[in-house]
Amino acid sequence: MRDIAMLLVSLGVILIGAEAFTNGIEWLGQRLKLGAGAVGSILAAVGTALPETMVPIIAIFGLGKGTEGADIGIGAILGAPFMLATLAFFITGLAALLFRRTNRPLRLDAKVVRRDLRFFLIVYTMAIFASFLSDKDVKNGVAVALVLAYGFYVIQTLRDCKDGCEYEKLAPLYIARQSQNPSLGKILAQIGIALSAIVVGAHGFVNAVEPIAVAIGIPVFVLALIITPIATELPEKFNSVLWIRRGKDTLAMGNLSGAMVFQSSVIPAIGIALTPWKLDTLALSSALLALCAAMIPFISLRRKGVIYPTTLLMGGVFYLLFILTISRSLIQ
């Protein structure tokens with residue numbers, strides 16, 4: 001009963017933190033004169049990626065070089081992009097259908113999301129390919145390449161969005177409601193408080209979910225791959241739903257696709273460098289399904305220049321496929 005109560009409280013903390021974060025990050029983007037693409041793909045994506053970034057790092061360093069630490073770390077690393085490409089896309093598509101009651105294309109900057117998805121498909125494929133390499137030095141070379149690729153992505157994103165700094169009238173900053181032009185210090189303070197709430201809420205969620213999952217006999221790797229990312233990816237899901245509701249589709253999709261780039265480059269680089277990075281059949285299945293799920297909206301953007309909400313719903317199909325795969329492996 002205590003775990004269930006903690007679960008509900010943690011969800012509430014994450015939701016409040018996500019609301020405050022989206023408000024603060026929009027004001028920060030306006031103050032820095034960044035377009036919606038850069039705000040969603042870099043500022044919001046990296047900020048809300050903090051909870052799931054901490055899990056593999058804590059697992060790898062906190063549990064040492066043992067098998068359990070490596071399993072939890074690798075599972076969390078692979079679980080983040082998998083959840084974003086499948087469940088988060090599904091929730092975003094569903095939110096668009098529910099709020100707008102129509103399957104009209106999302107109102108977004110196609111160039112921004114297409115660039116993000118292209119980067120994701122390339123760097124995540126590189127990260128998965130590294131698991132088949134036997135030479136540790138070559139693996140470390142791939143890790144360095146992934147970090148450099150993310151740096152190139154940030155530069156390109158800022159360059160592409162430098163002229164797109166037009167913003168609609170924003171809601172007042174929550175900690176400075178009377179100010180029409182809040183100071184940078186207050187904006188950063190709200191973002192910092194919101195991120196702290198998100199991290200605390202995600203941590204509480206994981207602590208509440210883990211005892212329940214372990215009690216019903218879920219393996220450690222599966223827990224790290226499925227259960228933990230559901231909690232740590234909640235900020236991205238909540239932020240995207242909030243932005244979809246407000247008609248800010250580029251921010252909504254950029255938050256997800258930008259986080260996917262970060263989670264498939266910088267974080268796998270840490271795993272490649274600090275763990276054996278040998279992926280079993282289950283791990284490879286999750287990675288391939290994530291790539292397939294991301295490929296569908298990418299192809300839609302390449303061919304039609306738009307993404308329909310129903311296109312994003314396909315992510316739920318890949319998520320269910322993996323759940324069925326896990327269920328079959330647990331039964332056996």
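Reply: R101 is found in the loop between α4 and α5. This is a predicted model, and in it R101 has a positive phi of about 55° although R101 is not a glycine.

Me: Why is R101 called exposed?

Reply: The relative accessible area of R101 is 76%. The term exposed applies over 50%, so R101, at 76%, is classed as exposed.

Me: What makes W277 buried?

Reply: W277 has a relative accessible area of 0%. Buried means under 20%, and W277 therefore counts as buried. W277 lies in the loop between α11 (266–274) and α12 (281–304). Its phi is positive, about 50°, although W277 is not a glycine.

Me: Why is the pair R100 and D249 called a salt bridge?

Reply: The side chains of R100 and D249 meet at 2.5 Å, N to O. The criterion is a side-chain nitrogen of Lys or Arg within 4 Å of a carboxyl oxygen of Asp or Glu, so the pair of R100 and D249 qualifies.

Me: How do you know whether R100 is buried, exposed or partly exposed?

Reply: R100 has 21% relative accessibility. Buried requires a value under 20% and exposed a value over 50%; R100 therefore counts as partly exposed.

Me: Which class does D249 fall into, and what does D249 contact?

Reply: With a relative accessible area of 0%, D249 is buried, because the limit for that class is under 20%. Leaving aside its neighbours within four places in sequence, D249 is in contact with R100, L106, R107, L108 and I244.

Me: How many salt bridges does the structure hold, and what makes R115 and D116 one of them?

Reply: The structure holds two salt bridges. The side chains of R115 and D116 meet at 3.3 Å, N to O, and the limit is 4 Å, so R115 and D116 form a salt bridge. R115, at 3% relative accessibility, counts as buried. D116, at 0%, is also placed in the buried class.

Me: Why are α5 and α10 called roughly parallel?

Reply: Helix α5 (residues 110–129) and helix α10 (residues 249–263) pack at an angle of about 20°, with their axes 8 Å apart. Angles under 35 degrees count as roughly parallel, and α5 and α10 are therefore placed in that class. Their crossing is left-handed.

Me: Which residues make the contact of α5 with α10, and how are they divided by class?

Reply: On α5 the contact is made by V113, D116, L117, F119, F120 and V123. On α10 it is made by M253, G254, S257, G258, M260 and V261. By class, the contact has eight nonpolar, three polar and one charged residues.

Definitions and conventions:
Residues numbered from 1 in each chain as written. Predicted model: local features only at pLDDT ≥ 70, side-chain atom pairs only at ≥ 80, totals over all residues. Heavy atoms only, no water. Axes fitted to C-alpha atoms, helices over the stretch in contact; angles between N-to-C directions. Helix = DSSP H or I, 4+ residues; strand = E, 2+ residues; numbered from the N terminus. Parallel < 35°, antiparallel > 145°, perpendicular 65-115°, else oblique. Left-handed = near helix turned anticlockwise from the far one by under 90°. Contact = heavy atoms within 4.5 Å. Nonpolar A, V, L, I, M, F, W, Y, C, P; charged D, E, K, R; others polar. Buried < 20%, exposed > 50% of the residue type's maximum accessible area, 1.4 Å probe, protein only.
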